[in-house]
Amino acid sequence: FFSECVWTHRRSSKKTLKMSHRKFEHPRLGHLGFLPKKRSQRQRGKCKKFPKDRDSTAEPHLTAFLGFKAGMTHIVRDVEKPGSKLHKKETLEAVTIVETPEMVVVGVVGYVKTPQGLRALNTVWAEHLNDEIKRRFYKNWYKSKKKAFTKYTKKYANGSVEKDLDDLRKNCEVIRVIAHTQVLKVKNLKQKKAHMMEIQVNGGSIADKVDFAYKFFEKAVPVDAVFAKDEMIDCISVTRGRGFEGVVTRWGVTRLPRKSHRGLRKVGCIGAWHPARVGYTVARPGQHGYHHRTEINKKIYRVGKVGDATHKATTEHDATEKDITPMGGFGHYGIVKNDYLMIKGGIGGPRKRLITLRRSLFPQTKRVATEEIKLKFIDTSSKFGHGRFQTAEEKAKTYGRTKA
């Protein structure tokens with residue numbers, strides 16, 4: 001009899017796995033892993049972790065870069081996935097264009113490991129700094145005396161910089177360079193103050209890393225020195241702000257019935273009488289968007305270099321001479337004139353938002369990561385409305401002369 005009871009209990013429990021009614025099972029709405037949902041303290045995505053320095057025999061290299069989100073378009077390509085139903089078939093995918101002007105290295109920082117984490121030991125700066133990075137050190141540039149780093153240059157005259165570099169070589173365990181963007185190259189931003197970040201150097205010994213960083217002082221580093229085509233990267237950014245929103249938009253809870261008293265875009269019950277407080281898991285209205293987010297494993301479909309064929313939107317199958325910028329420019333951005341990355345899918349944040357691009361934390365071995373991408377077509381029709389034409393010449397042929 002007991003064994004029969006257990007068997008019936010097991011059978012009944014198997015039946016209840018299938019959701020019969022909201023009364024018995026209801027998955028919660030909204031992820032609690034991203035609490036608190038508040039406005040980000042910073043506008044630039046922060047690298048809270050860099051890839052591990054696994055291979056000391058590798059050449060020293062940078063692990064991150066900064067770019068500006070220009071906009072989106074779509075591409076057509078052939079899928080190379082044996083066994084998949086899409087194998088050897090065309091697919092249409094959305095891509096994001098991130099403009100990545102060269103970054104300038106202006107310093108190097110050395111860290112030592114302590115039980116509490118990394119501690120900065122010393123920082124060595126370059127001899128000459130641009131005005132665009134000096135602006136970062138002032139709240140009000142035009143009222144200031146612009147004397148930043150004028151005394152520091154004397155260190156190069158008396159040779160104390162070499163002592164500081166030797167100190168880094170002997171005592172440090174982690175080396176990072178200080179680099180800044182060249183915002184004046186991106187005219188669409190209407191900004192003169194450069195963005196600055198620390199980028200970890202991986203590969204080689206500590207002395208190799210310090211020499212690598214010092215070699216790049218006051219020099220521009222292009223994006224193809226950090227990333228390559230078909231590589232998987234992480235995109236760190238602050239999402240688009242949407243202000244104060246209610247529970248239906250912010251958490252995705254279900255609206256109440258039409259005849260509900262005192263509104264229907266609400267949570268029906270925010271908790272029991274006791275405990276006499278509202279739990280943190282209950283959906284509440286508040287800030288939506290402008291959150292700091294990291295999206296991992298985004299594939300690079302193309303690295304566009306200025307003056308190279310890769311900067312154009314031409315492919316083997318589409319020989320039309322056209323630029324990567326769509327007709328009329330990217331909406332609320334303009335024309336892409338510098339190097340760029342074409343990344344699969346969307347990226348958090350509005351146009352012109354600064355995006356931190358980082359090498360993947362772990363070596364990617366999935367088939368998606370190892371697949372070689374061969375683009376057949378890149379769309380350059382107008383993104384303002386229903387674009388019909390890929391180039392201005394094509395439009396002129398269709399319409400003919402439109403003005404007297």
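**Notebook: charged pairs and a surface patch**

I started with Arg169 and Asp211, whose side chains form a salt bridge with an N to O distance of 2.8 Å. This pair ties together distant parts of the chain: Arg169 sits in helix H4 (residues 160-171) and Asp211 in helix H5 (residues 206-215), 42 residues apart. A reminder to myself that the model is predicted.

I then looked up accessibility for both partners. Arg169 has 23% relative accessibility, so I noted it as partly exposed. Asp211, at 38%, is partly exposed too.

Next I checked Glu198 and Arg176, a salt bridge whose closest N and O atoms are 4.0 Å apart. Here again distant parts of the chain are linked, with Glu198 in strand E7 (residues 196-202) and Arg176 in strand E6 (residues 174-180), 22 residues apart. Which of these side chains is buried? I found that Arg176 is, because its relative accessibility is 15% and buried means under 20%. Glu198 is partly exposed at 27%.

Lys312 and Glu321 gave me another salt bridge, with 4.0 Å between the closest N and O atoms. Lys312 is partly exposed at 30%, while Glu321 is exposed at 57%.

How many salt bridges are there? I got a count of 21. I also found a network of salt bridges linking Arg77, Glu93, Lys344 and Glu371.

On the surface, I came across a patch of positive charge made by Lys49, Lys52, Arg54 and Lys113. Lys49 lies in the loop between helix H1 (2-16) and strand E1 (61-62), and is exposed at 54% relative accessibility.

Last stop was Ser381, in the loop between strand E15 (375-378) and helix H8 (392-399). Ser381 is buried at 7%, and its side chain makes a polar contact of 2.9 Å with that of Asp379.

Terms used:
Residues numbered from 1 in each chain as written. Predicted model: local features only at pLDDT ≥ 70, side-chain atom pairs only at ≥ 80, totals over all residues. Heavy atoms only, no water. Patch = residues over 30% accessible without salt bridge, like charges linked within 9 Å, V, L, I, M, F, W, Y side chains within 5 Å. Areas by Shrake-Rupley, 256 points an atom, 1.4 Å probe, with all protein chains shown as cover. Lys, Arg positive; Asp, Glu negative; His and termini not counted. Charge placed at Lys NZ, Arg CZ, Asp CG, Glu CD. Helix = DSSP H or I, 4+ residues; strand = E, 2+ residues; numbered from the N terminus. Buried < 20%, exposed > 50% of the residue type's maximum accessible area, 1.4 Å probe, protein only. Polar contact = N/O pair within 3.5 Å; in protein donor to acceptor, adjacent residues only side chain to side chain.
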